[in-house]
Amino acid sequence: MEDYPRSIVELERRFSTEEACRDYLFALRWPEGFVCPRCGTADVWRTTRGRLVCRGCRHQASVTAGTIFQDTHKPLVLWFRAVWHVVGQKNGASAVSVQDILGLGSYSTAWTWLHKLRRAMVRPGRDRLRGRVEMDETFVGGPEGDVGRRTEHKSIVLVAAEEAGQAIGRIRLARIPDARKKTLHRFIQNMVETGSNIHTDGFSGYGGLDALGYTHKATPLLREKDEAAAARLLPRVHRVASLVKRWLLGTHQGAVRPEHLDYYLDEFTFRFNRRTSRSRGKLFYRLLQQAVQIEPVPYNWLVGGSHNTNHNLLGVVESTG
Ligand SMILES: [Zn+2]
């Protein structure tokens, strides 16, 4: 049974203490109840400061350890409000708005929070697409009016969309440093499960996917730069790419700096993949649920030993700019 607040009044009333927030996270993280990871005892004792102590072996745990809330110096009450704010912003939350709403002293704290939340929005390695998947890359951001010409202010975004009959299933988006084969392969492995069918245009960077365990169908365009033909060839990724661009232009006048783009792409993805749940409370529930289910993921496992990734797996927060 999904249990979430229906309104801001309900949120404020229900989550007014740290204890209430911790209880909620506890239920999301251990829906079947807590079992000691060391000795398997289900009998725990909870301290007033939110620690769990196993009655069998005295092992200690906490509901926030290993999640995005680990080591936070701010109250969970504030975090809950941040999450409520973020999921309520149809066009994406900005660090300024988070700072404003919560009365945070510093912009960089707000920015850090958004970055932590994005780790819960799209969970690297956990939410990989499968089945039949369209892929293409597109340019976004940078000043308006130089589309397709000056690309140094633009970012390359890799777009993946599941085919769900004629419709779009789930999507994944990633800012990529370049469109070389090696880079594309690495990101595709992070976005799509092996065994899936990947459909692309004839770009050589997508070559070699069969060797990675995918079934790859490449359909070359007869004429290069034929946008209409490209859109017919891969209609889902083109639709998603245009929605992302329109969203970025509308909300941020296109002025999203490349290092900020990752957050917005993940937020767009989170929202898009849950576009059928219209309720704010439900998104709140889902985001907190994913926030406490996160486990630290070995860096090399995901990025194949490379230092460059769009996901900040180590939890290191980027420069606040
Ligand atoms: Zn134990």
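1. A residue counts as buried when its relative accessible area is under 20%. Cys 36 has 3% relative accessibility, so Cys 36 is buried. This residue belongs to the zinc site, which opens the note. Keep in mind that the model is predicted.

2. The zinc site comes with four cysteine ligands. Cys 36, Cys 39, Cys 54 and Cys 57 coordinate the zinc ion through their SG atoms, at 2.3 to 2.4 Å. The geometry is tetrahedral, with angles of 100 to 114° among the 4 donor atoms. For reference, the ideal angle for four tetrahedral donors is 109.5 degrees. Along the chain, the donors are spaced C-x2-C-x14-C-x2-C. Cys 36 sits in the loop between helix 2 and strand 1, and Cys 57 in the loop between strand 2 and strand 3; this pair, 21 residues apart, links distant parts of the chain. Cys 57 has a relative accessible area of 23% and is partly exposed.

3. Arg 55 and Asp 43 meet through their side chains at 3.1 Å, N to O. Arg 55 lies in the loop between strand 2 (51-54) and strand 3 (60-62), while Asp 43 lies in the loop between helix 2 (18-29) and strand 1 (44-46). The two are 12 residues apart. Arg 55 is partly exposed at 48% relative accessibility. Asp 43 is partly exposed too, at 39%.

4. The side chains of Arg 130 and Glu 193 meet at 3.5 Å, N to O. Arg 130 is in the loop between helix 5 (107-121) and strand 4 (132-140), and Glu 193 is in the loop between helix 6 (181-191) and strand 7 (197-201), so the bridge ties together parts 63 residues apart in sequence. Arg 130 is partly exposed at 49% relative accessibility. Glu 193 is partly exposed at 25%.

5. Asp 178 and Arg 180 also pair. Their closest N and O atoms are 3.3 Å apart. In total the structure holds 15 salt bridges. Some are joined up: Glu 2, Lys 282 and Arg 286 form a network.

6. Now the aromatic residues. The whole structure has 17 aromatic pairs. Trp 30 and Phe 34 have ring centres 4.8 Å apart and planes at 85°, so their pair is edge-to-face. Trp 30 is buried at 18% relative accessibility, and Phe 34 is buried at 8%.

7. Phe 268 and Phe 272 pair in another way. Their planes are at 15° and their ring centres 6.0 Å apart, so this pair is stacked. Both lie in helix 9 (residues 258-273); they are 4 residues apart, which means a separation of about one helical turn. Phe 268 is buried at 9% relative accessible area, and Phe 272 is buried at 10%.

8. One aromatic cluster deserves a look in the viewer. Phe 15, Tyr 24, Phe 80, Trp 84 and Phe 284 make it up.

9. Last, the chain as a whole. The secondary structure comprises 11 helices and 8 strands. Of the 321 residues, 48% count as buried. Among contacts between residues at least 6 apart in sequence, 60% join residues at least 24 apart. The chain exposes about 16200 Å², with 50% of that supplied by carbon and sulfur atoms.

Terms used. Residues are numbered from 1 along each chain as its sequence is written. This is a predicted model: local features need pLDDT of at least 70, side-chain atom pairs count only at pLDDT 80 or more; totals for chains, interfaces and linings use all residues. Side-chain values use heavy atoms; hydrogens and water are left out. A salt bridge is a side-chain nitrogen of Lys or Arg within 4 Å of a carboxyl oxygen of Asp or Glu. Buried means under 20% relative accessible area, exposed over 50%, partly exposed in between (1.4 Å probe, protein chains only). Contact means heavy atoms within 4.5 Å. Accessible areas come from the Shrake-Rupley method with a 1.4 Å probe; for residues, only the protein chains shown count as cover. Donors are N, O and S atoms within 2.8 Å of the metal (3.2 Å for Na, K and Ca); water is not among the atoms, so sites may look incomplete. Four donors count as tetrahedral if all angles lie between 85 and 135 degrees; four count as square planar and six as octahedral if opposite donors are over 155 degrees apart and all others between 65 and 115; anything else is irregular. Rings of Phe, Tyr and Trp (its six-membered ring) pair if their centres lie within 6.5 Å; planes under 30 degrees apart count as stacked, over 60 as edge-to-face and the rest as tilted.
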